[in-house]
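Reader: I'd like to walk through this two-chain model with you before I set anything up. Could we take it one question at a time?

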Amino acid sequence: MDDLVDRDGGADQQMRATWNGFDAIDTGLLIWSHDRVLVYINDGFRRSCDIPVKLGMHYTDYVAAVAHSREWIIPDPDEWEQRTVNDFGIAKESDYQSAIGNFMHVAQRPSRDGGMAITFTDITAVKHNERQLREAKETAEATDEAKSRFLRAANHDLRQPLASLKILIYSCAREEDEEKRAEMLHAMGVATSIMEDLLGALLQIGQLDAGRVQPRITSFQLSELFDRLRIQFAHQAQEKGLRLKFVIPAKTVSTDRALLERILSNFVANAIRFTEVGGVVVGCRKEGRGLRIEVVDTGRGVKEEDRVRIFDEFYRGTDDRQPQKKGLGLGLNIAKRLADLLELQIDVRSEVGRGSIFSVWVPFGNIWHSDISAEANITEAVAGEFAGTPMLLVEDDDFLRESMTQLLLRWGIDVRAAANETEAIELVTNEAVSPRLIIADYNLESRTGLDVITAIRAAIGADTPAIVVTADAEPKVVASIRAAGIPVLIKPVSPPRLRVMMHNLLFEPELLRQTPDASPTSQ
Amino acid sequence: MDDHNQAIPIGSMVPLTGPSAADGAEFRNGMILACEELNARGGLLGRPIRPIFADTCRQTAQEVVSAARWLIEKHKVHAIINGYNIGPQNSEYEPIADAGIIYVHANTLLQHHDTVMSDPERYFGCFMADPAEYWYGPGFIKFLSWLRDTGQWVPNSDRIAIISGSTPYSIVIANAMANAAASFGWKVCFGPKIVQTPTSQWRDVIEEVRATNPAVLANTHFYAGDLAHFQRQFGEDPMDCLVYLQYGAVHRSFIDIAQEASVGVIVSSIVGLLRDEMGKRFEARYRDRFGVGSTATIGCQSYSNMHHYAVAAAMAGGSGPPGDFEQNRKVAFALRGMIYRTVHGTIRYHPDWQAVVPYPVVTRDPSLGMPHIFYQIQDFRAPLSMIAPEPYNTERFILPPWMSKSRLSAQPAQTDRRGLTNIEQQ
């Protein structure tokens, strides 16, 4: 052992206890004599620093060893070495990060005899806590700012569908044509769902500010998205007397569908807002490995000096004299922020007095991965062979009428139910129901199912296919129905049998006549 | 009394006579091969498996229900494992549900979803081992769009004509095609027009289609012979359009009748033998067992269903005879939970539908779905060319010989003065 300080030999018990104590502490300790020779190294130093030092080494050699050891991250080792050599005997302290990521606080103090002591304290945990505190503070501030932003943006974006809704409600209240009213109610439903989506999107924007939005990139067709935009803006454009046209591309794109819709929705809203004459066209052009979606308007255009700042928050054009009609200047900012998040390029070209083209570029997607609407929940109600088929059900038992209606609805049938002949005739005459099939109970209150079918056929003026269901399996009854050429099902009706019979009547009447299974009685 | 040394009876309802007899023979072959392989390895937990076949003839509801009852009542089968029966409309589910046994079929019908979901407790044992026919519709539209978007084919318009057969299967597929078309930039210019099938007379409807000048003509009827006549009649004066024929055109009998006229036709199947090593080894075994005239791509359906069932029953600790609901529920649980890669892709049952999920139209992960495979007849003397989807395809699409060669290479899309594509010229 070549220690200059003899811990075990010359020193007395008290000194040994002192050295042992220094070794026990976590802090590393180096002590230098007045002639810059290292005279003491404690165990704490050896444990915390992997720097090659030994007793008796000169301070200059120690500094060189630290500078070039690569144990600590020192940006300019030569400069650091020179500066540190000159700092011998001066009180100072610094923090260093080690190569493995720990933080070390290094403090040096002069000793009374002209030498120096240096301590090495691991402050990794302290630094970690400091960072966490700082991040928490920043998040809190961002959330606070996000709340304010959210309120401003909500006010701005919800105005669009609200305006549509107001127009629709006003028009709907006065509309007498049932078909047009149904159309308006549908559009109102769409506007409401758009508001719902908007609130969701705005919440996302709040989260965007707080850095919490995770885009969900999928491949999809633009047609549905364009259709939603058309429904959202058609009435507003119509109110202003503007043409609004969507040219639907036959291409698959890959991005976040909801966020892209928000971008385009802001472009279209903006285009309608700043266009008084002419119209707005939304279309696409192929550009590189993607599509540039363009919203083209014949509005007043954007001045060149405004074009740079037009995507800034709350920015409005320099000659915008009607702020109450022109929004808060948030829409384009939202579009830009969303595009940045999705790494999509947005652009504006404009000519004052002629119009503007706002555009966003989206990459092509994989068509095989393209979403199909409602794909997750395909049922017979939307895609079965009977989907949308109008049918008339006559059944006087409330419970059976309801359960049969539910079954037929589940198969996608447009079923209209009547409790008796009067109600059935009412449906086909006054409500213009044109059934492709009639299902009638045999034992109705005052009439037989056969009578009712005959009356309905007369009212329609067509020999509409029909099925009689009966709880009465009496051979004479069944024979009488068969004699009328109408197939019979015995209650309780088996759904698969009903299905087969309906299919044959609607699509393969030949089969009904040929097969012993389908006609005339099935159980 | 169910003796543990006795063979386990497994029923199979197959059309051994009637219009689907060719398929029925292959389904029977598939069952035989699967049972032979399983028995050679010790059977199901030591018990041999005995397949029992019931002829479903023309596959009407009455015939299939009678077959199910005969298998359950006379032979006490523990399960019924099939290929497909088109006609029964799920009426065979009733005796099977009453008996509480397992039923695995490839009926390819959307109504399976409806029936199972209407009463999952009752129909716990009913499984459809292939995707519903519905998926043919959007799958086909995606395929067409893929050809178009990748420049492999430049259509002369966005018009599609759809002819449907009169079975529920054909009608659902035709409607699904029509529903999906607009989303992918296509317009249905004709149909779906339902033609009474079976028929070999297509000239009238072909002439009606001609008046609409489509870029694509799809026929969703599926009988091989009928489709062969369709293709021959189309070939008498072909239109400048792609021709897609439903499933039946994968059959050798289609090509045998249509001959040269078949070249260029596109056909697809949501159950098709893959051409990887696993598929090729199966095909070789199948041919060795049943001769060169056999069709492994049909037989693989019942073969896979039988193997999958046997693995599930072994996991469950054994099969259950009619009435043993408890044991068969365990088998059903194992079937539902197991992702089973077989010679024609993956059988993974949707937890609610108890039907297989198709790839790529529903799942994007080929390891989780059964591939919807598109073939093209490129040489009528050679096997069909498998042209989509990745990663299973082995060949590329070629322009059918009757079509105009002028659009063989992609042309720039039409643009208006602003450069917007696809604007109609007014």
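Predicted model: local features only at pLDDT ≥ 70, side-chain atom pairs only at ≥ 80, totals over all residues.

Reader: Thanks! Which helix of chain A gives the most to the side that touches chain B?

Author: In this interface, 42 residues of chain A contact 45 residues of chain B. Elements that each supply at least two residues on the chain A side include helix 8 (222–239), strand 9 (279–287) and strand 10 (290–297) of chain A. By class, that side has 16 nonpolar, 12 polar and 14 charged residues. Giving the most, with six residues, is helix 18 of chain A.

Reader: Which strands stand at the edges of the five-stranded sheet of chain A?

Author: The sheet is open and antiparallel, with its strands in the order 2-1-5-4-3. From one strand to the next, the twist averages 15°. An edge strand here has a single partner, so one side of it is left without a neighbour in the sheet; this holds for strand 2 (38–41) and strand 3 (92–97) of chain A.

Reader: And inside that sheet, which residue stands opposite Leu30(A)?

Author: Strand 1 (residues 28–32) of chain A pairs with strand 5 (residues 116–122) of chain A in the antiparallel sense, over five bridges. The residue in strand 5 of chain A opposite Leu30(A) is Ile118(A).

Reader: Over in chain B, what is the bridge partner of Ile163(B) in strand 7?

Author: The setting is an open sheet of seven strands in the order 7-6-8-9-10-15-16, with mixed pairing. Its edge strands are strand 7 (187–194) and strand 16 (385–388) of chain B. Strand 6 (residues 159–164) of chain B runs parallel to strand 7 of chain B, and five bridges link the pair. The partner of Ile163(B) is Lys193(B).

Reader: At about what angle does helix 7 of chain B run to strand 7 of chain B?

Author: Helix 7 (residues 203–210) of chain B lies across strand 6, strand 7 and strand 8 of chain B. Its angle to strand 7 of chain B is about 160°.

Reader: Are helix 10 and helix 11 of chain B roughly parallel or roughly perpendicular?

Author: Helix 10 (residues 277–290) and helix 11 (residues 296–315) of chain B have axes 10 Å apart and pack at about 100°. Angles of 65 to 115 degrees fall in one class, which makes the two helices of chain B roughly perpendicular.

Reader: Which residues of helix 4 of chain B are buried?

Author: Helix 4 (residues 111–118) of chain B is largely enclosed by the rest of the structure, because six of its eight residues are buried. The cover includes helix 13 and helix 14 (398–410) of chain A, as well as helix 3 (93–99) and strand 5 (126–128) of chain B. The buried residues are Gln111(B), His112(B), His113(B), Asp114(B), Thr115(B) and Val116(B).

Reader: Last one: is Ser148(A) buried or exposed?

Author: Ser148(A) sits in helix 5 (residues 124–157) of chain A. The cut-off is 12 or fewer C-beta atoms within 10 Å. Ser148(A) has 11 C-beta neighbours inside 10 Å, so it counts as exposed.

Methods:
Residues numbered from 1 in each chain as written. Chains lettered and ligands numbered in written order. Contact = placed C-beta atoms within 7 Å. Helix = DSSP H or I, 4+ residues; strand = E, 2+ residues; numbered from the N terminus. Nonpolar A, V, L, I, M, F, W, Y, C, P; charged D, E, K, R; others polar. Axes fitted to C-alpha atoms, helices over the stretch in contact; angles between N-to-C directions. Parallel < 35°, antiparallel > 145°, perpendicular 65-115°, else oblique. Pairing = 2+ DSSP bridges. Buried ≥ 20, exposed ≤ 12 C-beta atoms within 10 Å, placed from the backbone.
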